[in-house]
Amino acid sequence: MTLKICVAQLNFVVGDMAGNAQKIIDCATAAYQDGARLVLTPELSLCGYAAEDLFLRPSFIQACDDALKTVSAALSGLKGLHVVVGHPSGGDERTRSVSVQRRFNMASVVCEGQVVVAYAKRELPNYQVFDERRYFVAGDKPCVFEVAGIKVGLLICEDAWFDVPAADAKAAGAELLAVINASPFHVGKGDEREQAMRRRVQATCLPLIYAHLVGGQDEVVFEGRSFAFNADGALAGRAPSFDVATFTVDVVRGKSGSHGGLHLSAPVAEDGSLEADLWHALVLGVRDYIGKNGFPGALLGLSGGIDSALVLAIAVDALGADKVRTVMMPSPYTAEISWVDARDMAKRLGVRYDEVSIVPEFEAFLGSLKADFEGTQLDTTEENIQARIRGTLLMALSNKFGSIVLTTGNKSEMATGYCTLYGDMAGGFAVIKDVAKTLVFKLARWRNAHDPYGTGTEPIPERIITRPPSAELRPDQTDQDSLPPYEVLDDIVSRFMENDQSSEDIIAAGFARVDVEKVTRLIRINEYKRRQSPVGIRVTHRSFGKDWRYPITNKFRA
């Protein structure tokens, strides 16, 4: 006995129930014609993940209910086809004056025009970027259904990270675990998932299929990389990362044995390197944020420095050169090599490049403020004026022509506040907001050594990578004038911000007290800036986004 299962590793759009439903219908129809009798779509595939407070709107839930009926009706003529569809269901029930939440994160199995069985997610995550207990209540029952003589136990994402849901599915007769998921990417997450699912397989002695989505949604990225395990814990197959795919798993029932006699087989896509995964995540995040929100293109300030160079290379890989425009905005402190390198990079990538001097505007500002500034020394005030002039010019071009401004600040700068409100922070999307400076250099090196999208060029001039970083807002300025070396800075940020180590713990690990106290102080006092920064792509397990919720007014020190 054999069963062909199709994992619909698709890219959905939050709130586009009609479009998402059509993607499911098209994929399921094609899979049926190819012999599949079970199609697994990802978690909340019908509405997209995550819809956040849209889940609280009754009209949103109703639209999801209607879309589920559309899918069921459209596939009703495909005899024997079972399609697992992720969707929200239910709402708030009022008892006298009390509102009781009865909204569930569901998976419904549709077959021949009917919902034959439905399952409510039991384990609701409420950490990092997850907020599911705000929207849903937990289910309490297993779900097992039969396809082609094989009993399938259904789980939703977090359920499979805990013992009880899978054990209950087995106790209810499951021979195979099907897990539908929406699990945001961060560095190393793919391996974590496979290790966790292997443990689930070993605990239950059941084979497992992990169905995942792909695509960008605001700050999070989903990388696909669906996979399957046999009951002995061996990898049976893996789908590509960062690509839409229909991942087909063949299930064969052999002789009865300790693992139930089911054997899974599927293609095995190769793992990528850390840098490759990061690059593809950033490219996908940019492409989907701009594409799904309907922007005609992207615009950025090209300074001749490493950060804007990296953002430009990502943008071109994501959108194509014809949809990216760069503007070089020199000040009195811009070095000649910055002009040369910016022009060189723009030419290599074939993007539109313009030069707009900010000297007249800078002089006009200083003239207007002359009486107020008389008798004072030049300081960061004059530096910030330059950044704000540039931000104003870029936003004016964005307003006039519609392209979104991509900001170029990295995580090291976001952490320490080495960025200017309404200046280099002005824009619509912060591409490398979660990429530390040391990783910026590694990614630049990786992209120059690889050509994943067939552009045929080494995009970043070598001198941009090797020269000391500088904001060029005063004469002979370098970043290390006022910050520890980035190798030290980024390690402290990672320990304190990403991993919750105390200052004393970091000092005990061998870091200089002066460096630790300076960096942690800068992180604390710049929360007000980060609250006003654009949304940016999350690529670590803790970014300055949904999974960083610190008060601005705060006297705690540790």
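**Close-up 1. Arg 542 in the segment after α18.** Arg 542 sits in the segment that follows α18 (527–530). Helices (H or I, at least four residues) and strands (E, at least two) are DSSP runs, numbered from the N terminus. This is a predicted model: local features need pLDDT of at least 70, side-chain atom pairs count only at pLDDT 80 or more, and totals for chains, interfaces and linings use all residues. Residues are numbered from 1 along each chain as its sequence is written, and side-chain values use heavy atoms, with hydrogens and water left out. Is Arg 542 buried or exposed? Arg 542 is buried, at a relative accessible area of 14%. Buried means under 20% relative accessible area, exposed over 50%, and partly exposed in between (1.4 Å probe, protein chains only). Leaving aside residues up to four places away in sequence, Arg 542 touches Lys 411, Asp 434, Met 497, Glu 498, Asp 500, Asp 547, Trp 548 and Tyr 550. Contact means heavy atoms within 4.5 Å.

Close-up 2. Four cavities of 30 Å³ or more occur in the structure. A cavity is a set of points, on a 1 Å grid over the protein atoms alone, where a 1.4 Å probe fits but cannot get out; lining residues have an atom within 4 Å of a point. Grid points are joined across faces, edges and corners, and a volume is the space filled by probe spheres set on the points. The largest cavity has a volume of about 70 Å³. Its lining consists of Glu 219, Lys 411, Lys 433, Asp 434, Gly 536, Ile 537, Arg 538, Ser 543, Phe 544 and Gly 545. Two of these lining residues are nonpolar, three polar and five charged. Ala, Val, Leu, Ile, Met, Phe, Trp, Tyr, Cys and Pro count as nonpolar, Asp, Glu, Lys and Arg as charged, and the others, Gly among them, as polar.

**Close-up 3. The second largest cavity.** This cavity holds about 50 Å³ of space. Residues lining the second largest cavity include Asn 11, Phe 12, Gly 48, Tyr 49, Phe 222 and Lys 292. Which strand gives the most to this lining? Strand β10 (residues 214–217) does, with four residues. The lining divides into five nonpolar, five polar and one charged.

**Close-up 4. The cis peptide bond at Tyr 49 and Ala 50.** Tyr 49 and Ala 50 are joined by a cis peptide bond, with omega about -5°. Ala 50 lies in the loop between β2 (38–40) and α2 (58–74).

**Close-up 5. An open sheet of six strands.** The strand order is β6-β7-β8-β9-β12-β13, with mixed pairing. Edge strands β6 (144–147) and β13 (235–238) each pair on one side only. From one strand to the next, the twist averages 20°. Two strands pair if DSSP finds at least two bridges between them. Strands β9 (residues 208–211) and β12 (residues 227–229) pair in the antiparallel sense over three bridges. Leu 208 stands opposite Phe 229 in β12. Helix α4 (residues 163–171) packs on the sheet and touches β6, β7 (150–156) and β8 (176–180); its direction makes about 160° with that of β7. Helix α5 (residues 189–204) also packs on the sheet, touching β8, β9, β12 and β13, and its direction makes about 30° with that of β12. Axes are lines fitted to C-alpha atoms, for helices over the stretch in contact, and angles run from 0 to 180 degrees between N-to-C directions.

Notes: On a 1 Å grid over the protein atoms alone, a cavity is a set of points where a 1.4 Å probe fits but cannot get out, and a pocket is an open set with protein on both sides within 12 Å along at least five of seven lines; lining residues have an atom within 4 Å of a point.
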